[in-house]
Amino acid sequence: MAANQAHLDKMKVRQDYRNLWHTDLLSTLQADTPYFCFALWCPPCASYLLRKRALYNDMSRYVCCAGYMPCSGRCGESKCPEVCLATEVFFCFGNSVASTRFLLQDEFNIQTTQCDNCIIGFMFCLQQLACIFSIIACIVGSQEISEASQLLSCAADYVYCTVCACMQTQHKVEMDKRDGKLGSSAMAVPPIQQMSRIDQNYPPSVGYPQASSYNQPYAYPPPPAQGYPAPNYPPPAGYSGYGPQGYAK
């Protein structure tokens, strides 16, 4: 009971995450077309590789369904993590994709956009609708309802496979961003920044001496150099050394 409450609390915390996926579900095909095709045609293999990469290739950290399911930690993961992961992606494929998604969201505080939630919700609703039509067709025995349920089941499977491929491509692009494989390192140390005004590249050196004056001693400027005796000595004739003419002596 406590574990279920902890999972519910974690889901509420995810709603307050502020970071976004590097690419949304609608743009995954354009973001990485080769990997989308790989995830579409071999989804368990893609899920296996993505979970291992999400754990930084350290399988000693592996827990079944990333610790989000009741069976987590009870499947002998510590003895054979590779075998347990292979079993998870083949027999619990949907849970494996969702667990890798939750793992990345909790690590990087990533929220799911409203558009992505609508796509995932439409996938679930279509699956539930196909299941309801299949049950009704079995009870009623109508050929028309049976054919409609088969069409809905095919459409639900198609949407499910497509959305899962988009989700796994989204996870792969996000880990490319984490590992610095998108052209610039996401974890690089930011450069040293200096405070400046908008219209200046560097702050003005107001109140500080210029750089050229740092090597000069802190003293009054020296008097002008003069020889001995001083120039214009002795004074010219008629100079009395007092004020101007007419000044009382």
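Helices here are DSSP runs of H or I, at least four residues, numbered from the N terminus.

A note on ground rules: residues are numbered from 1 along each chain as its sequence is written. The model is predicted, so I kept in mind that local features need pLDDT of at least 70, side-chain atom pairs count only at pLDDT 80 or more, totals for chains, interfaces and linings use all residues, and side-chain values use heavy atoms, with hydrogens and water left out.

**Entry: helix H7**

I looked up the span of H7: its 27 residues reach 38 Å from first C-alpha to last, close to the 39 Å expected at 1.5 Å a residue (the expected span is 1.5 Å times one less than the number of residues). Next I listed its buried residues, which are Asp116, Ile120, Met123, Leu126, Ala130 and Ala137. Buried means under 20% relative accessible area, exposed over 50%, and partly exposed in between, with a 1.4 Å probe and protein chains only. Their cover includes helix H6 (93–108) and helix H8 (143–178).

**Entry: the core**

Which residues have the most contacts inside the largest nonpolar core? I found Leu104 and Met167, in a core of 26 residues. A core here is a set of buried Ala, Val, Leu, Ile, Met, Phe, Trp, Tyr and Cys residues joined through side-chain atoms within 4.5 Å. Helix H3 (33–41), helix H4 (43–54), H6, H7 and H8 each supply at least two of its residues, and H8 gives the most, with nine.

**Entry: salt bridges**

I counted six salt bridges, each a side-chain nitrogen of Lys or Arg within 4 Å of a carboxyl oxygen of Asp or Glu. Lysine 172 pairs with aspartate 32 at 2.6 Å, N to O. This pair links distant parts of the chain, 140 residues apart: lysine 172 is in H8, and aspartate 32 is in the loop between helix H2 (28–31) and H3. Lysine 172 is buried at 16% relative accessible area, and aspartate 32 is buried at 14%.

Arginine 53 bridges to aspartate 179, with the closest N and O atoms 3.1 Å apart. Arginine 53 lies in H4 and aspartate 179 in the segment after H8, so this pair ties together parts 126 residues apart in sequence.

Finally, I noted that Asp32, Arg53, Lys172, Asp176, Arg178 and Asp179 are linked in a network of salt bridges.

How values were computed
Contact = heavy atoms within 4.5 Å.
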